[in-house]
Amino acid sequence: MTGYDLLELAVRNLRQSKLRNGLTTVGISVGVASLVAMLSLGVGLQQLATRRLAGSGMFDTVFVTSRQDFRGFDKEDDQKAPQPEKSPVLDEAARVKMSQLKNVTEVEPEIRVMGEIVSGGETHFGFVTGLPMSARENEAFDTLTGKFFSSDNADEAILLQDFAKELNPKNPSELIGREISLRYGERQALSQDSGDRPQALGGETNSSGGAANGDDFGFSVVRRVQKLRVVGLVDSEPYGGMRTVSRGRIFLPVGTTERLNMAQFTDMRSSLRGASGKTYMTLTVRVKDPAKVSAVQDAINQMGYRTFSVLDATKSLRRFFTVLDLFLGIFGSLALAVATLAIINTLVMAVLERRREIGVMKAIGASDSDVKKLFFTEAGAMGFFGGLLGIALGFAIGKAINIGTGIYLKQHQLPPEPVWIMPVWLIGAAIAFSIVVSLLAGLYPASRAAKLDPVQTLKYE
Amino acid sequence: MNSSAAFKTPQAVRVENVTRHYPMGEGLIRAVDGISLAIEPGEFVALLGQSGSGKSTLLNLLAGLDRPTSGSVVVHGRDLAKMSSEELARYRRNDVGMVFQAFHLIPSMTITENVELPMRFAEVERTERAQRSRESLERVGLGKRMEHRPSQLSGGEQQRVSLARALANRPALLLADEPTGNLDSRTGEDILNLIRDISLSLGMTVVMVTHERALAERFAQRLVFLADGKLVSEEVRA
C-alpha cells in the first residue's frame, strides 16, 4: 500500500471512534505540553541567567594579571604555568602587544582610588574609578541621566545617583553641568637622582640599576585637587557591580585617571618590582565578540600571563542548566509515559473491535505488513496531532507562567522578564518525540493486529 | 508436473491429497483429510456437504487464507503450500476474489471505497482505481449507488458489492463461501446468475461452497460432495 493510502485509511479509521481517539490524542497532548512547558522553563531560566551575565558586560572581557602577583582563581592553572619569578610583568609593552591582538578593541587598566569631593565646605568621601569609553554600552548607562564622557581624556565625572543625593539631597540632577572639586592622591615618581629621594639604607637603591629611567624607583603621594564637570548621573553600578571598577561612586574616564596619575593601593606592589617603566596590576582586555573571548584568552596565556573571563564561570553554569533541563525533561516525560499507555490501550481496543475488518482486509489481499503499517500510521497520526495540540497547550501554559511571573515581579517593583521561552527547535523536537513515542506504543498492537488469523476472524457467527 | 494430467491446458486448481488438521485439546480435528481435486479453467464447481464436512476449510486453503497440514494446493501452476505469507497475500490480492456469506463489507466505507480497497493493497493508481471500481459496480448493477454506505443497501445489494470488490483486481479464480446463505431464494438466484454470467464472460473459474443442493445443481457444472473432511462423490452437470 502506498504511503498516501495508508495515511488516508489511518485517518479515516481514527475518525471512526472520534471520542476514544480524541481522548487519547488529548492525553498525548497533555504529555507533550508538560514536557514542552518544563523544557521551555529550563531554556527560559537559562536565558534569563545568561542575559543577566551578558548585560553585566563581562562576557566580552578578559582580565589579565601577571603570574608574578598573587595567585589566580584557578589553582590548577597556576600549577601548570611557568614559575612565577620567570613570568613577564604587565608593562606598557605588554599592553600594546595585547591591544594589537586580533579582535581586541580595548586594553585598559583597572583604576580604583580613594577620593574626596569638596562641596559647600563639606567633604564627601568616595571611591573613584576609571571607566573605558566602551562602558557606554553597558546596561547601567541605559538609564543614564545626562551624558556620557565626551572623551577618554575629558575632565568630566559621572556620579552614582546615591552619591549625588549625598551632595545635593533636594535635587541631585542640578549637579549636572556643575563643576566639582575632586581631592585625590597623586603618585609622584621619584627618580634615582632626584634630590628629594629619601635616604636609602646601605647599597639597596644603587643595586636596582634597572630603574634607570626612574619611573617606578619609588613614589610619594601628594594631595591634589582637580576640577571636574559632572556630566551624568547613573542609577546603578556599571558591570552589575561585579568588577573592581564597578565599585565606585565617582566615575572618570580611565584616560583621565591615568593622566592624573592617581595613586592606587597596588602601586606599592609595583614599586617593589624594580623593573623598568610603568607596570599594571590588572589589565582589562575587551573583545569584539564574546565568541572570540577564548581565542584571545589563549593568545594572552601564550604571552605568559594569567587570564580570567566570565566564560570560565559560565561553564559551570551551563553544566548546572544541563542537569536542570534533564530533570525537568524527566518530570515532563512522566505525563507522556502515561499517555503512551493510553495509546497502547486505545490501539489494543481497536484491534479487538476491528478483528473482522482486519480479517476482511487480509482476505482481499492485505499483507501482514500492510496491517502492521496501518496501525503504526494510526499511532503515528495520534502522536502527530497530539504533538501539535500539545505544543499549543504548552504555549498557553507558558504564556500563563510568563504573565504570572510578570505580575509577581511587578508587585515587587521589578521589571517583567520572560522566564519561559519556547525555542523553535523544541517545537520540532516535541512533535518528533511525540510521534516516535506513539510509534513505540503502536508496536505491540500493530504486531497483534498483523498476527490475527483471517480464518478465525471471518468465521460466520 | 504430474504426468497423469491428461489435459493440454494447465488446470486452474489442482489439490493433491491435502489435509488440514487442528489440534483440539488432546485430540485432533481432521477438518480436511486427504482430498484430491482438479478444476479446469472457467469451470463452475460447487462444494457441498453438511456443516463440519470441511468444505469451508478447503475453500480457505484454496484462498490462501489457511495452509494445509500436508499435501499441495496448486493454483495456476503455483503451490500455495510453499509460498511465504507475503506471497500468499499477493496471491489473494491478484489471483483470487472472495465472496462471503456475511458479505464482510467495511461499514464505515462507501461502496466505492469498499470496492477500491483491494486495489489500494495492489497499489493501483488512483484514477485507474476509480475507473475500475465504477466498471465493477456497473457490472453488478450498482452503478447508481456508488456513494452509498453498505448499511443503506439490501442484503442482495451488499452481496453484489462484495462481488464487485472480489472482481476489482480481475482475478482468475472466484471463491464464494455460502454466497446465498444470508439471502432469500430469489435474491440468491440473482446473485448466482450474476456470478455465472460474469464467469462466462470473463472466463473466470468459480468455486462455491453451499449447502443448498438445488441451487448448486442449477448453476454449477460440477458438484463435489464432502463429508468428514473427505471427498465422497462428484457429479458432473451438463
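**A sheet, its helix and a chain contact**

In this predicted model, strand E1 (residues 13–24) of chain B is joined to strand E2 (residues 27–39) of chain B by 10 bridges, and the two strands run antiparallel.

E4(B) and E5(B) are antiparallel and are joined by 2 bridges.

These pairings can now be put together. The 4 strands of chain B form an open, antiparallel sheet in the order E2-E1-E4-E5. Because E2 and strand E5 (78–79) of chain B stand at the edges and each has a single partner strand, one side of each is left without a neighbour in the sheet. In general, strands of a sheet pair through backbone hydrogen bonds. A helix accompanies this sheet: H1(B) lies across E1, E2 and E4 of chain B and runs at about 60 degrees to E2(B).

The backbone of chain B deserves attention at two further places. Most residues other than glycine have a negative phi. B:His104, however, is not a glycine and has a positive phi of about 55 degrees. B:His104 is found in the loop between E6 and H3 of chain B. Is B:His104 buried or exposed? B:His104 counts as buried because it has 24 C-beta neighbours inside 10 Å, and the cut-off for a buried residue is 20 or more.

B:Glu178, which is likewise not a glycine, has a positive phi of about 50 degrees. Its place is the loop between strand E7 (173–177) and helix H6 (185–202) of chain B. With 22 other C-beta atoms within 10 Å, B:Glu178 is also buried.

Finally, chain B touches chain A. The contact takes 24 residues from chain B and 18 residues from chain A. On the side of chain B, helix H1 (55–63), helix H2 (85–94), strand E6 (96–100) and helix H3 (111–121) each supply at least two residues. H2(B) gives the largest share of this side, 5 residues. Sorted by class, the side of chain B that touches chain A has 11 nonpolar, 6 polar and 7 charged residues.

Terms used:
Residues are numbered from 1 along each chain as its sequence is written. Chains are lettered from A and ligands numbered from 1 in the order in which they are written. This is a predicted model: local features need pLDDT of at least 70, side-chain atom pairs count only at pLDDT 80 or more; totals for chains, interfaces and linings use all residues. Two residues are in contact if their C-beta atoms, placed from the backbone, lie within 7 Å. Ala, Val, Leu, Ile, Met, Phe, Trp, Tyr, Cys and Pro count as nonpolar, Asp, Glu, Lys and Arg as charged, and the others, Gly among them, as polar. Two strands pair if DSSP finds at least two bridges between them. A residue is buried if 20 or more other C-beta atoms lie within 10 Å of its own, exposed if 12 or fewer, and partly exposed in between; C-beta atoms are placed from the backbone. Axes are lines fitted to C-alpha atoms, for helices over the stretch in contact, and angles run from 0 to 180 degrees between N-to-C directions.
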